[in-house]
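Dear colleague,

I am passing on a structure that you have not worked with before, together with some notes to read alongside it. Please have the viewer open as you go through them.

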Amino acid sequence: MNGQDYHGYGTPGGGGHARYSRQLPLSMMGEAGQRRLAESKVLVVGLGGLGSVVGSYLAAAGVGHITLVDDDVVEMSNLNRQFIYGDSVGRQKALAAAAFLAKVNPEVKLEPVAHPIQDALLDWTLYDLAFDCLDNNESRLALNEACRDAGVPLVHAGVDATRGQVFTSIPGVTACLRCMLPKGRQDRIPVFGPAAGVVASIQASEGIRVLLERFPPLTGKMLLIDLADYSFETVEMERAEACPVCQRD
Ligand SMILES: [Zn+2]
């Protein structure tokens, strides 16, 4: 351990300054930003094609505390896009993801929660940010409601075949997921693996920027992408007047 490598983020022996040396020069980051990430506590809800990639980027970037929520087990059909689970078929995703991310960055604290978000019994007041990496709107709306009530920003993303979307919801400021998402569940949608990767990367970028800047580019805006023609479009999302969740803000 070189004492000069430790600047108040990470843990002694974890690599400190060297680990983050390629991101510290970024104008959004610097020593202060890196310390802010180290002090941040985030929630990744859903550990499929989105959450497994989002969690990887957060851990690699040095986000200090990551709670990983999913009650599923790894299936063979997950592996076309959820490549962190290559040797984990049959294991709980929350535990397998925590084991993988601990290898990505031993400096971050990982908390696996192998329950559905509705039963996860979390202290929402502790979190700086949540990521919606879920695959059904029923769970999304439960997460949305908990985040709005606790004042926790939420970065939503979804994938369907080659298409994807990302939206950042800030309580008291922007529309919420209830303003725009229909209720109901859709199972076994097709997913083009690289679409999940692109969308998850943008979601991770948004989340890191919420932690660093508070209001990143997709605050209150929905990014719609399609890898069929590489189109990117951003749409302003208005609050729904009748939204029962926003009315509690
Ligand atoms: Zn709303």
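Predicted model: local features only at pLDDT ≥ 70, side-chain atom pairs only at ≥ 80, totals over all residues.

In general, the strands of a sheet pair through backbone hydrogen bonds, in either a parallel or an antiparallel sense. Here, strand S7 (residues 221-226) and S8 pair in the antiparallel sense, over six bridges, and Lys-221 has Glu-236, in S8, as its bridge partner.

Which residues does Met-237 contact, once its neighbours within four places in sequence are left aside? They are Phe-167, Ala-175, Met-180, Gly-220, Lys-221 and Met-222. For one of these, Gly-220, the C-alpha atom is separated from that of Met-237 by 5.7 Å, although the two residues are 17 residues apart along the chain.

H4 has twelve residues and reaches 16 Å from its first C-alpha to its last, which is close to the 16 Å expected at 1.5 Å a residue. Within H4, the residues Lys-93, Ala-94, Ala-96, Ala-97, Ala-98 and Leu-101 are buried, and the buried residues of this helix pack against helix H3 (51-61), S2 and S3.

Turning to charged side chains, the count comes to eight salt bridges. One of them brings together the side chains of Glu-107 and Arg-19, at 3.9 Å from N to O. This pair links distant parts of the chain, since Glu-107 lies in the loop between H4 and S3 while Arg-19 lies in helix H1 (residues 16-19), 88 residues apart. Glu-107 is buried, with a relative accessible area of 9%, whereas Arg-19 is partly exposed, with a relative accessible area of 30%.

Another salt bridge joins Asp-132 and Arg-140, whose closest N and O atoms are 2.9 Å apart. Asp-132 is buried, with a relative accessible area of 0%, and Arg-140 is buried as well, with a relative accessible area of 7%.

A further salt bridge is formed by Glu-213 and Arg-209, with the closest N and O atoms 3.5 Å apart. Both residues lie in helix H6 (residues 193-213), four residues apart, which is about one turn of the helix. Glu-213 is partly exposed, at a relative accessible area of 34%, and Arg-209 is partly exposed, at 24%. Elsewhere, salt bridges that share partners join Glu-145, Asp-149 and Arg-248 into one network.

Two residues deserve a look for their backbone angles. Most residues other than glycine have a negative phi. Leu-121, however, has a positive phi near 50 degrees; this residue lies in the loop between S3 and S4 and counts as exposed because its relative accessibility is 84%. Ala-161 likewise has a positive phi, of about 60 degrees, although it is not a glycine; it lies in the loop between S5 and S6 and is partly exposed, with a relative accessible area of 22%.

Finally, a word on cysteines. A search of the whole structure finds zero disulfides. Cys-179 counts as buried because its relative accessibility is 17%, under the 20% cut-off, and Cys-243 counts as buried at 4%.

Terms used:
Residues numbered from 1 in each chain as written. Heavy atoms only, no water. Disulfide = S-S within 2.5 Å. Buried < 20%, exposed > 50% of the residue type's maximum accessible area, 1.4 Å probe, protein only. Pairing = 2+ DSSP bridges. Helix = DSSP H or I, 4+ residues; strand = E, 2+ residues; numbered from the N terminus. Contact = heavy atoms within 4.5 Å. Expected span 1.5 Å × (residues − 1). Salt bridge = Lys/Arg side-chain N within 4 Å of Asp/Glu carboxyl O.
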